[in-house]
Amino acid sequence: MSDKRCVENDTKRGGGVMSTAVQQSASFLNALAQLHHRGRGDTWGAARDRAAHSAGIERSYAKRIWDRWQTMNDVSGEAYMRLRAAYERACERNEEAARSMRAERLGLTGQTNAVDQERSLESVGMALPEMAPPEREKR
């Protein structure tokens, strides 16, 4: 078999090499599906379909990426950009929530409230007994 013939066959089949765009698209779709998964009783296919809908790509194309990303040679540029944009929006929402939670936590520690104060023994259980000075015994 000549070298020219091997090269022709490799370009027709793709040579088993997947592009970075395909890998990233699959990663974005997987992460979005995890966000859309509703827990026990929900299927990953339904979560994938909800993720595809939120990203604005066809369910069939999302299924193709989901099932065949390892053998795909290329992915649609529009699908890649939409998945990437949806993933970045999800990351931004997560970071904003973390920032607001941190600001709330730091704001609470600066204030004087019941959490910062020492707990009274009455709220824990029994109050301390009144300490009267000991009486001296008479002889």
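1. Basis of the values. Because the model is predicted, local features need pLDDT of at least 70 and side-chain atom pairs count only at pLDDT 80 or more, while totals for chains, interfaces and linings use all residues. Residues are numbered from 1 along each chain as its sequence is written, and side-chain values use heavy atoms, with hydrogens and water left out.

2. Overall make-up. The chain has 6 helices and 0 strands, in the order α-α-α-α-α-α along the sequence; helices (H or I, at least four residues) and strands (E, at least two) are DSSP runs, numbered from the N terminus. Of its 139 residues, 19% count as buried, where buried means under 20% relative accessible area, exposed over 50%, and partly exposed in between, with a 1.4 Å probe and protein chains only. Among the contacts (heavy atoms within 4.5 Å) with a separation of 6 or more, 53% join residues 24 or more positions apart.

3. Helix H2. Spanning residues 20-36, H2 has 17 residues and reaches 24 Å from its first C-alpha to its last, close to the 24 Å expected at 1.5 Å a residue; the expected span is 1.5 Å times one less than the number of residues. The buried residues in H2 are Val22, Ser25, Ala26, Phe28, Leu29, Leu32 and Ala33. These lie on the same side of H2 because they cover an arc of only 165° around the axis, the arc being that of the directions from the helix axis to the C-beta atoms.

4. H2 against H4. The axes of H2 and helix H4 (residues 59-68) come within 9 Å and cross at roughly 110°; axes are lines fitted to C-alpha atoms, for helices over the stretch in contact, and angles run from 0 to 180 degrees between N-to-C directions. The two helices are therefore roughly perpendicular to each other (65 to 115 degrees; under 35 is roughly parallel, over 145 roughly antiparallel and the rest oblique). Ser25, Ala26, Leu29, Asn30 and Ala33 of H2 make the contact with Ala62, Ile65 and Trp66 of H4. By class, this contact has 6 nonpolar, 2 polar and no charged residues, with Ala, Val, Leu, Ile, Met, Phe, Trp, Tyr, Cys and Pro counted as nonpolar, Asp, Glu, Lys and Arg as charged, and the others, Gly among them, as polar.

5. The two sides of H4. Tyr61, Ala62 and Ile65 are the buried residues of H4, and they sit on the same side of H4 because their arc around the axis is only 100°. Arg59, Ser60 and Arg68, on the other side of H4, are exposed.

6. H2 against H3. Helix H3 (residues 44-55) packs with H2 at an angle of about 110°, their axes being 8 Å apart, which makes H2 roughly perpendicular to H3. Here Leu29, Leu32, Ala33, Gln34 and His36 in H2 meet Trp44, Ala47, Arg48, Arg50, Ala51 and Ser54 in H3, and by class the contact has 6 nonpolar, 3 polar and 2 charged residues.

7. Two serines. Ser25, in helix H2, is buried with a relative accessible area of 0%; not counting residues up to four places away in sequence, Ser25 touches Ile65, Val75, Tyr80 and Leu83. The C-alpha atoms of Ser54 and Ala86, 32 residues apart along the chain, are separated by 7.4 Å.
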